[in-house]
Amino acid sequence: MLFNLPVFIHLYERLNSRNDGRCRTSNPIHYVFQTDQSPSSLEPNRASRRAMSSAATTPPSVDKVDGFSRKSVRKAKQKRSQSSSQFRSQGKPIELTPLPLLKDVPAPEQPELFLKKLQQCCTVFDFMDTLSDLKMKEYKRSTLNELVDYVTVSRGYLTEQAYPEVVKMVSYNIFRTLPPSDSNEFDPEEDEPTLEASWPHLQLVYEFFIRFLESQEFQPSIAKKYIDQKFVLQLLELFDSEDPRERDYLKTVLHRIYGKFLGLRAFIRKQINNIFLRFVYETEHFNGVAELLEILGSIINGFALPLKAEHKQFLVKVLIPLHTVRSLSLFHAQLAYCIVQFLEKDPALTEPVIRGLLKFWPKTCSQKEVMYLGELEEILDVIEPTQFVKIQEPLFKQISRCVSSPHFQVAERALYYWNNEYIMSLIEENSSVILPIMFASLYRISKEHWNPAIVALVYNVLKAFMEMNSTLFDELTATYKSDRQREKKKEKEREELWKKLGDLELKRGLRSDGIIPT
Amino acid sequence: MNQSSFISGADGDDSLYPIAVLIDELRNEDVQLRLNSIKKLSTIALALGVERTRTELLPFLTDTIYDEDEVLLALAEQLGNFTMLVGGPEYVHCLLPPLESLATVEETVVRDKAVESLRKISQEHSPVDLEVHFEPLVKRLASGDWFTSRTSACGLFSVCYPRVSSTVKAEIRQHFRTLCSDDTPMVRRAAASKLGEFAKVLELDYVKSDIISLFTALASDEQDSVRLLAVEACVSIASLLPQEDLETLVMPTLRQAAEDKSWRVRYMVADKFSELQKAVGPEITKNDLVPAFQNLLKDCEAEVRSAAAKKIKEFCENLPEDSRETIIMTHILSCVKELVSDTSQHVKSALASVIMGLSTILGKDNTVEHLLPLFLAQLKDECPEVRLNIISNLDCVNEVIGIRQLSQSLLPAIVELAEDAKWRVRLAIIEYMPLLAGQLGVEFFDEKLNTLCMAWLIDHVYAIREAATCNLMKLVEKFGAEWAQNTIVPKVLGMANDPNYLHRMTTLFCINSLSEACGQDITTKHMLPVVLKMSNDQVANVRFNVAKSLQKIGPVLDSNALQTEVKPVLEKLATDTDMDVKYFAQEAIRVLALA
């Protein structure tokens with residue numbers, strides 16, 4: 001088959017790791033949830049939202065008619081957008097009866113009119129057909145605009161009857177099955193995202209919903225009847241939207257809901273868990289991981305001490321495995337932030353975290369290795385000396401391997417640890433353990449590495465070690481050769497052993513007529 | 001080390017290989033070494049003997065399982081083949097503890113492998129052991145805390161169900177029911193994916209009472225990833241039930257799935273359409289599936305349309321014979337017509353890959369009247385893949401109406417593809433040339449296509465030149481040596497004087513592949529002189545290719561030509577200043593035994 005269909009990625013089909021991952025830095029927003037109080041201090045990141053939207057309006061999109069040209073050659077030309085996968089019969093034009101403006105009717109009649117307008121806005125238009133219902137689309141847009149302003153400034157409009165209508169209107173508009181991705185394997189780093197065609201309406205609906213949730217008259221005790229688990233579940237599914245503008249609004253919406261509805265908090269965390277687990281172990285595809293991690297960053301920040309078992313499990317069984325995902329670079333900054341948040345809460349978690357990272361250490365992807373090293377440095381920056389002692393051996397065995405990586409960026413990133421004063425002080429305290437682990441690699445690189453910059457860095461590290469513990473250093477230098485020989489001898493013995501075992505298998509296999517499986 | 005000490009080692013007293021040494025290997029710091037050791041675990045077990053494998057090695061493996069997933073994967077696989085190494089079926093249950101832990105790890109690949117091994121060794125358990133050892137393990141997994149063990153349990157129910165007592169059976173059914181409504185979607189997905197398999201081992205009454213309700217519930221799950229798996233199960237379930245029950249038990253759910261609000265579910269229905277069609281039988285197909293299929297062909301998502309388009313031929317073939325033609329003509333054809341001008345190239349190309357198959361079903365007259373215009377439209381499609389798919393399936397039409405009907409439109413399409421800017425498109429059409437040549441006949445070929453074939457020889461992409469030489473060989477095999485001598489050979493040999501050395505090399509490559517097909521006479525008389533002359537080429541690459549060519553065509557030549565003409569030239573090349581030329585000349589002398 002020459003061209004592949006952009007068929008959706010089967011759930012059970014794991015994709016092979018591919019070496020990609022330039023680090024895209026973005027700053028996680030840091031706001032805090034206090035565990036048991038309603039967070040009035042929550043500030044949405046309006047600035048970042050603006051930045052996102054303006055970035056997204058620059059002409060994006062890719063021309064993918066040509067399946068052959070390399071990704072880097074494909075150039076964006078025309079803007080491409082896609083409407084949500086709405087499965088409904090289309091047909092006759094939609095008619096809405098224009099209603100008077102809210103400000104033009106006397107105050108007592110406003111709540112009634114407000115409800116009517118909400119009901120009208122439940123009508124959803126087909127934006128892929130750019131010519132249909134133009135007038136009505138414009139009418140709905142202006143109505144939504146009016147509603148946004150109205151919830152922001154008006155008082156006394158939020159009657160109890162309004163809650164179900166608001167939630168219904170929002171649900172009708174935002175909840176939909178997301179359309180299939182246009183590219184076979186959407187690569188968020190290379191490919192332009194598909195933009196939501198109905199954004200002119202959708203944006204206003206989101207804007208309205210956020211204002212509604214933020215409104216001073218908003219009462220969670222009434223709203224919780226309508227904003228329930230099912231609502232939240234559908235909201236979370238939307239984080240897979242390819243449109244970054246939508247994900248940004250969703251982030252704020254979910255944040256508000258997490259803040260205001262205490263009863264939904266555990267549920268939200270659990271569903272996010274499920275999304276992440278599916279992402280890691282089943283599909284490797286979910287667009288909103290970074291956004292969800294951003295929210296989690298602030299949730300973790302608000303965890304009460306001591307940490308519940310549920311939270312620790314989340315760290316070890318969900319956050320750590322997230323490191324294995326191919327597209328790590330897209331959310332690594334947010335992930336590392338969450339990890340460090342956990343460690344600042346409970347230093348005793350350092351050991352399982354570092355052991356987890358070592359277990360999943362990338363074997364072939366150098367870019368990812370650099371990210372791991374970066375994260376490890378962030379962890380070491382906050383590590384307690386007692387914790388450091390617990391993991392120093394496996395940790396420095398890995399660092400020793402990184403230092404001798406033929407990829408100079410990996411080696412360089414690892415060697416930079418020696419520029420970090422706090423890490424240096426930890427190494428110095430434990431030089432008797434660390435130096436023997438590091439010595440052989442450093443010694444070898446100082447003679448063999450192809451990159452002069454690395455050799456120079458290694459030279460400095462060796463010099464530092466010499467100053468720290470000169471007796472041990474001299475000893476190691478003196479025994480370097482004999483140690484290598486001993487290693488070689490051991491290696492030979494291993495080979496011998498396996499050879500003997502192999503012979504044995506052969507004899508047995510022959511005797512028992514091939515019962516032995518191979 | 002003699003034989004007897006091996007045996008004593010296996011018997012357990014003063015052993016030759018202390019387990020510590022072997023375990024050291026399994027614990028080696030280097031992952032690669034650890035992995036190698038695990039892959040040779042059977043060897044280690046052999047060295048230890050069956051008893052110590054049971055009492056020492058397996059407990060060690062069970063207790064210390066915390067390793068990289070790659071090592072665990074190898075371990076899970078090994079243990080599935082361990083029955084003989086622990087002493088045969090009566091001891092096979094010793095393998096359960098390590099496999100149980102492996103069935104709870106996070107990594108899906110490891111877990112799946114552990115389940116696979118468990119399924120394998122379940123067959124080696126006696127019915128008693130199955131109830132005493134295996135079934136309790138399944139229960140433990142099914143009620144595990146973390147979702148991973150519950151997921152693994154889903155795959156184990158069906159292997160023990162048929163061989164246990166009816167009380168245990170009832171328990172197993174209960175566990176499966178619980179997992180189908182688990183609150184983590186991962187477990188529901190696992191259960192849904194095993195639903196069909198489980199249904200197959202259940203007694204029909206329980207299929208009707210238990211499975212159907214589970215099926216209905218999973219098919220209306222809140223997550224589309226669960227619903228779509230129920231579609232797969234639908235195929236198995238429908239084929240288990242008697243025809244008269246299908247309408248009430250399965251069809252409501254299937255209808256709902258075909259109109260699901262999530263395109264993924266509809267895609268799944270389209271993708272499994274042929275299987276569904278077979279499972280529900282001709283009557284339901286006529287009444288229900290035909291309209292459903294029409295809807296899928298008109299779906300709003302291209303993904304769904306192309307999955308459905310791919311099934312058009314199979315669907316039509318499997319329609320009940322008495323009404324097949326009517327259904328196609330009245331219901332399907334109009335959808336097909338629309339798909340020809342679909343907005344998505346993937347849909348069009350999916351259609352193009354099957355549309356030709358309809359001609360055999362509809363017969364000559366209908367093909368000429370209804371399908372031909374569609375073929376022609378697709379031959380002119382803007383997307384090269386669509387055109388290629390049509391061309392690659394020409395043989396179906398050829399059988400029904402003969403290719404002449406198409407040839408007028410075919411030619412421009414072929415020429416355009418032959419000159420496409422993308423080399424992969426050119427490559428694809430070259431690969432169809434021998435097929436086309438066979439169907440269009442030698443005259444048409446000489447008249448219209450020969451020039452194209454020759455033009456590819458001087459394409460600027462090597463892969464095309466290479467494919468073009470290969471194509472020439474196949475053509476000669478088809479049309480014979482005489483045809484080659486008259487039409488191809490002169491042109492190929494003419495390129496030997498081309499100023500571009502790449503083209504001169506192409507001559508050599510062509511000779512390499514043509515000599516055998518052309519036979520000794522043509523090779524000696526026409527090709528050999530040209531090759532020999534090229535040994536004086538000023539470009540070293542041409543010279544060493546001369547040496548390679550001589551080596552290649554040597555077997556076709558007679559010994560006289562070899563000795564008098566080839567040998568001197570190779571000997572001269574063997575003293576060339578260029579080391580590659582020297583090497584290949586010497587190689588040729590050696591292979592042709594001319595030294």
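Accessible areas here come from the Shrake-Rupley method with a 1.4 Å probe, and for residues only the protein chains shown count as cover. The model is predicted, so local features need pLDDT of at least 70 and side-chain atom pairs count only at pLDDT 80 or more, while totals for chains, interfaces and linings use all residues. Residues are numbered from 1 along each chain as its sequence is written, chains are lettered from A and ligands numbered from 1 in the order in which they are written, and side-chain values use heavy atoms, with hydrogens and water left out.

**Chain A as a whole**

Select chain A. Its accessible surface is about 24,300 Å², and carbon and sulfur atoms hold 52% of that. Of the 518 residues in chain A, 54% are buried (under 20% relative accessible area; exposed is over 50%, partly exposed in between, with a 1.4 Å probe and protein chains only). Chain A has 20 helices and two strands; these are DSSP runs numbered from the N terminus, helices being H or I of at least four residues and strands E of at least two. Among contacts (heavy atoms within 4.5 Å) in chain A with a separation of 6 or more, 77% join residues 24 or more positions apart.

**Helices α13 and α15 of chain A**

Select residues 350–359 and 385–403 of chain A. The axes of these two helices, α13(A) and α15(A), come within 9 Å and cross at roughly 5°. Axes are lines fitted to C-alpha atoms, for helices over the stretch in contact, and angles run from 0 to 180 degrees between N-to-C directions. The pair is therefore roughly parallel; that label covers angles under 35 degrees, with over 145 roughly antiparallel, 65 to 115 roughly perpendicular and the rest oblique. On the α13(A) side, the contact includes A:Ile354 and A:Leu358; on the α15(A) side, it includes A:Ile391 and A:Leu395. By class, five nonpolar, three polar and three charged residues take part. Ala, Val, Leu, Ile, Met, Phe, Trp, Tyr, Cys and Pro count as nonpolar, Asp, Glu, Lys and Arg as charged, and the others, Gly among them, as polar.

**A cis proline**

Go to A:Pro306, in the loop between α10 (289–301) and α11 (309–319) of chain A. The peptide bond joining A:Leu305 to A:Pro306 is cis, with omega about -10°.

**Between the chains**

Show α9(A) (residues 265–283) with α12(B) (residues 185–201): they pack at an angle of about 50°, axes 9 Å apart. This makes α9(A) oblique to α12(B). A:Asn274, A:Leu277, A:Arg278 and A:Glu282 meet B:Pro185, B:Met186 and B:Arg189.

Next, select B:Val31, in helix α3 (residues 31–39) of chain B. B:Val31 counts as buried, because its relative accessibility is 19%. Beyond neighbours within four places in sequence, B:Val31 is in contact with A:Lys363, B:Glu68 and B:Val71.

**A kinked helix in chain B**

Move to α8(B), residues 127–142, where a kink of about 35° lies at B:Phe134, shortly before B:Pro136. The bend at a residue is the angle between axes fitted to the seven residues ending there and the seven starting there. Buried residues of α8(B) include B:Leu130, B:Phe134 and B:Leu137. The buried residues of this helix pack against α6 (96–102), α7 (108–122), α9 (147–154), α10 (157–160) and α11 (166–180) of chain B.

**Last stop**

Finish at B:Ala593, in the segment after α35 (579–591) of chain B. B:Ala593 is not a glycine, yet has a positive phi of about 55°. B:Ala593 counts as exposed, because its relative accessibility is 58%.
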